[in-house]
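Have the structure open while you read the points below.

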Amino acid sequence: MARMKRWIAVALLAVAGCKNAPSEDQCRQLLEHLVDLEFKKAGATVTDAMKAEIAKQKTAVAAAKPEFITVCVDKTAKERVTCALAAKDLDAVAKCDEQK
């Protein structure tokens, strides 16, 4: 969970203003995608019980991080969100921030 917080912090710090902003729904999808990638990186074999727990944790993270959605919509370029949503791992997400 600490890694996820780090990636969320990186995402928040790496944002830049843009008129072509992502939608609130895209930002929610990004937050869920980051959580999914963090679990994938942890190497967890997902059972049905774990899927339920992951869903519960996703809801908790989304509720605890409303500022992520606000910053994402208001200050993140849509291209970065689109890139991060397409990323297959956290390293690829980080590379989205290197794009100009």
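H2 and H5 cross in a left-handed way, meaning the near helix is turned anticlockwise from the far one by less than a right angle (clockwise would be right-handed). Keep in mind that this is a predicted model, where local features need pLDDT of at least 70, side-chain atom pairs count only at pLDDT 80 or more, and totals for chains, interfaces and linings use all residues. Residues are numbered from 1 along each chain as its sequence is written, and side-chain values use heavy atoms, leaving out hydrogens and water.

**H2 with H5**
- Helix H5 covers residues 78-86, and its axis lies 10 Å from that of H2, at an angle of about 40°.
- That angle makes H2 oblique to H5 (under 35 degrees is roughly parallel, over 145 roughly antiparallel, 65 to 115 roughly perpendicular, and the rest oblique).
- Gln 26, Gln 29, Leu 30 and His 33 of H2 touch Lys 78, Val 81, Ala 84 and Leu 85 of H5, where contact means heavy atoms within 4.5 Å.
- Sorted by class, this contact has four nonpolar, three polar and one charged residues.

**H2 with H4**
- The axes of H2 (residues 24-42) and H4 (residues 66-75) come within 9 Å and cross at roughly 125°.
- So H2 is oblique to H4 as well.
- This time the crossing is right-handed.
- On the H2 side, the contact uses Glu 24, Cys 27, Arg 28, Leu 30, Leu 31 and Leu 34, and H4 brings Phe 68, Ile 69, Cys 72 and Val 73.
- Eight of these residues are nonpolar, none are polar and two are charged.

Technical notes:
Axes are lines fitted to C-alpha atoms, for helices over the stretch in contact, and angles run from 0 to 180 degrees between N-to-C directions. Helices (H or I, at least four residues) and strands (E, at least two) are DSSP runs, numbered from the N terminus. Ala, Val, Leu, Ile, Met, Phe, Trp, Tyr, Cys and Pro count as nonpolar, Asp, Glu, Lys and Arg as charged, and the others, Gly among them, as polar.
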